Amino acid sequence: MSEHYAPVSEHLDDVEAARKEGRRKMDWALQHMPILQELRDQFEADKPFDGEVIGMAMHVEAKTANLVELLALGGAEVAITGCNPLSTHDDVSAALDAHDNITSYAVRGVDEDGYYAAIDSVIAHEPTITVDDGMDMVFAIHEEYPELIDTILGGAEETTTGVHRLRAMDADGELKYPVFAVNDTPMKRLFDNVHGTGESSLATIAMTTNLSYAGKNVVVGGYGHCGKGVAKKAAGQNADVIVTEVDSRRALEAHMEGYDVMPMNEAAKVGDVFITTTGNRDVVTRDDFENMKDGVLLANAGHFDIEIDLDALADLAVDEYEARDGVDAYVMEDGRRLNVLAEGRLVNLASPIALGHPVEVMDQSFGVQAVVVREIVENGDAYDAGVHDVPDELDREVAEIKLAAEGIKFDSMTDEQREYMGSWAHGT
């Protein structure tokens, strides 16, 4: 194993103050996380993770921290690091590191070497379960520490990009232990991707820039689940929404929802705000920059910082300067200024003021993560190596906890209805 990164507490000047502030943020979030509160009661009583070591690479902020602590309260030893160099809140990371059963290596603003060294440090704990957001930990284990694979029960993956990578890995026969695609479950997609990405991306851009959406042309790159959320919420703030797509059916769906649909190179000429949500690379490129108006905002709501081609933008620019905290202005030869938010990284987490998805939304996603980890411990032997869908009954369990907490009652089928739906013999 290579030389390891030190836990966050060794990187901070005033650790006690950081821990206190981090705990304050966690407590605020937990007030609004009824699913995790219910699971805390269950896991503290049952200790389902006794003897397990959970290695995590996640966005280390207050909501995630409550999931991490939930797993530790359930008996696990937990080691965690960040999955994005700019999304860590050092105070929250320090609060986690203060827990007897948790070691946190997440530090905000690490360079690339430090980022991967921190992942190595987590893996040095020899996890029996992995919980990932973007798949960097699963990849590192397979590439550099394959000797650990035999003792890993399984894993969970949080986000679209990570699931894409895992499915490609699985298709090539290279994924050597079972991983649940938490991202693909209804309790994640219906809420996290639509309300979470939509609300938090737009709110972060607005707060970072102090600008309005009303009357602006907002260009949404990609009309998947996240793109739908961004488009819907931007339209709700009185923006004119333009969608760009590479998939015919999604382009048609966006058109039928009432949005303008056009190629990015045409949208570049009229857009005021550009938000990429594809999970792919080179969505906004050199040709697009050359067509853009002065003062445009360029933001990415996809996992990695490759959707906006910043190398090409830097190459075109004759000057660069920090226009506001979290906003870098690139000056073109003709004087136009193109403004990039959060260095092209995940805008709702990497901007200086970013707080990520709303608390209630992440309560649902992390509730699914928690019951999936429980499933891995209880029934891991039932799953072969590869990507697995989250069992539907687990997803529904999380929905039912949330509804109960909200005091919402709903109907259930009668025996006759259940029989009717399960029969092929009933005719007209």
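Visitor: Which residues are exposed on the other side of helix 1?
Guide: This is a predicted model, in which local features need pLDDT of at least 70 and side-chain atom pairs count only at pLDDT 80 or more, whereas totals for chains, interfaces and linings use all residues. Residues are numbered from 1 along each chain as its sequence is written, and side-chain values use heavy atoms, with hydrogens and water left out. Helices (DSSP runs of H or I, at least four residues) and strands (E, at least two) are numbered from the N terminus, and exposed means over 50% relative accessible area, buried under 20%, with a 1.4 Å probe and protein chains only. By that criterion, the exposed residues of helix 1 on this side are Glu16, Lys20, Arg24, Trp28 and Gln31.

Visitor: Within what arc do the buried residues of helix 1 fall?
Guide: Val15, Ala18, Gly22, Met26, Ala29 and Leu30 are the buried residues of helix 1. Taking directions from the helix axis to the C-beta atoms, these residues line one face of the helix, because they fall within an arc of 100°.

Visitor: Which elements are included in what covers the buried residues of helix 1?
Guide: Contact here means heavy atoms within 4.5 Å. The covering elements include helix 2 (34–46), helix 3 (62–73), helix 4 (90–97) and helix 15 (359–379).

Visitor: How much space lies in the largest cavity?
Guide: A cavity is a set of points on a 1 Å grid over the protein atoms alone where a 1.4 Å probe fits but cannot get out. Points are joined across faces, edges and corners, and the volume is the space filled by probe spheres set on them. The search finds 3 cavities of 30 Å³ or more, and the largest holds about 60 Å³.

Note on methods. On a 1 Å grid over the protein atoms alone, a cavity is a set of points where a 1.4 Å probe fits but cannot get out, and a pocket is an open set with protein on both sides within 12 Å along at least five of seven lines; lining residues have an atom within 4 Å of a point.
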